[in-house]
Amino acid sequence: MDILTANDTVGQYPKSWYAATASGPAPFKAAQGALSCDVCIVGAGFTGLSAAVHLADKGYDVILLDAHRVGFGASGRNGGQVGTGQRLDQRALERLVGPDHARALWDLALDAVQLVRDLIHDNAMDCGFSKGIIHADHRKHLVPASRAYAEHLGHVYGYQKIRALGQDEMRHLVGSDAYFGGTLDTGGGHIHPLGFAFCLARLAEKRGVRIFERSKVRELVEDSPAIVRTEQSEIHSEHVVLACNGYLGNLNKQVANRVMPINNFIVATEPLGDAAAKALIRDNHAVADSKFVINYFRLTSDNRLLFGGGESYGYRFPRDIAALVRKPMLEIFPRLKDTKIDYSWGGTLAITMNRMPHFARIRGNILSASGYSGHGVALATLGGKIAAEAIAGQAERFDLMASVPTPRFPGGVALRWPLLVLAMAWFSLRDHL
Ligand SMILES: Cc1cc2nc3c(=O)[nH]c(=O)nc-3n(C[C@H](O)[C@H](O)[C@H](O)COP(=O)(O)OP(=O)(O)OC[C@H]3O[C@@H](n4cnc5c(N)ncnc54)[C@H](O)[C@@H]3O)c2cc1C
């Protein structure tokens, strides 16, 4: 089954609140005939778009291909949360790679958030950046660990933008009895992700990048120059960046063995009005909770609750996404039982075994960056930039990310999905116990 079309029609954005509220560039035509360039980028999400913008800045002749449209994948469908740090917490990273390497990865992750903020600010992008992410503990016994983690970030990393929240303050900020405490991080925030992708595409186009949509890469000949084939074109390119994330399929086996697609779902309610919206989330922060199947939510600019969650481990999206997500939404906010859901959609992200992104040099002239494990708004944007740096000969930051080991999924491409389904079902069962 091809994940690029399992749940979607070629070239059509899902009917999300994002697609209803962002205005994109006019459609780009499909790649046709014999073409050549310095760098061919496959995939126009944050990774590919950012790589394109930064390569064009450095004077490279760039072609950017997407099987569907710009921002069509996870980048245009996600929760919009721009989180601080890597997906793994720093203490786990210290154990995995040692304290010095962990610090370097932390610094890189801070650069990632700053990059998103700078791109938005410097180019007057109309996709907002609202400050603040709350991590909400759904079990009492997790609260001391959250406090200790905020202290750890302060003491060891000098990060002062995160602080612990007790139960009273948490319930004041988030109108739910489901949480016992957690942290508030004012270094992170939330944006309109499809709006951001559209702005990056316009920026890339302005800088001379040739963007082609409805141009699925069917074959990559790993040579020098590399040959990239779509249905209607053959592109000869000195360098290639694979930026396909959860939609990679079998285009490259080495990556596919380490990066696994998984679906996630979001709903947006009807507009709630200012007072009712504030009663859910007082200060317009984004929230992500401590469940294994994470609930994440925030308000939109028109005062809807945008809520992500629900579990489903098939390749195909469930038929009734709204019903799937409504269940955890009502567990957190029972008062919304009569509230209408106006939009519901799904998306495919990519996870790795250790939840750290997989950056790889497939060959001297072919790079891949993916597997952000649900934490890619900032890191994929940075991933594209550091892939551009690596092509330009400054590979330190790409190599730093690539030096984190990414284990293969047991069973490889054939068995990873059924094994993952079993593991996920077990962990999510623990959420309910
Ligand atoms: C529902 C959901 C919620 C999420 N919430 C958050 C969040 O709140 N915060 C956060 O940090 N992260 C979140 N994520 C993860 C985040 O969206 C991703 O990590 C990030 O967008 C990855 O960007 P990307 O460019 O690498 O991949 P994508 O945006 O998925 O882009 C890959 C692109 O490659 C194209 N492509 C694939 N194969 C081919 C091919 N053969 N030929 C041509 N084109 C191809 C696809 O069409 C697609 O457009 C979420 C993801 C989902 C799905």
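Biologist: In which loop does N245 lie?
Modeller: In this predicted model, the strand β10 covers 233–242 and the helix α9 covers 253–256. N245 therefore falls in the loop between β10 and α9.

Biologist: Is N245 buried or exposed?
Modeller: N245 is not a glycine, although its phi is positive, at about 45°. Its relative accessibility is 19%. Buried means under 20%, so N245 counts as buried.

Biologist: Is A124 buried or exposed?
Modeller: A124 is found in the loop between α5 (99–122) and β4 (130–137). Its phi is positive, about 45°, although A124 is not a glycine. The relative accessibility of A124 is 67%, and exposed means over 50%, so A124 counts as exposed.

Biologist: Which residue does a cis peptide bond join to S224?
Modeller: The omega of this bond is about 0°.

Biologist: Is R304 buried or exposed?
Modeller: R304 has its place in the loop between β13 (296–299) and β14 (305–308). Beyond four places away in sequence, R304 touches residues including W17, E270, P271 and Y343. With a relative accessible area of 8%, against a limit of under 20%, R304 is therefore buried.

Biologist: Which residue has the backbone oxygen that the side chain of R304 reaches?
Modeller: The side chain of R304 makes a polar contact with the side chain of D302 at 2.9 Å. The side chain of R304 also reaches a backbone oxygen at 3.0 Å, that of T269.

Terms used
Residues numbered from 1 in each chain as written. Predicted model: local features only at pLDDT ≥ 70, side-chain atom pairs only at ≥ 80, totals over all residues. Heavy atoms only, no water. Helix = DSSP H or I, 4+ residues; strand = E, 2+ residues; numbered from the N terminus. Buried < 20%, exposed > 50% of the residue type's maximum accessible area, 1.4 Å probe, protein only. Polar contact = N/O pair within 3.5 Å; in protein donor to acceptor, adjacent residues only side chain to side chain. Contact = heavy atoms within 4.5 Å.
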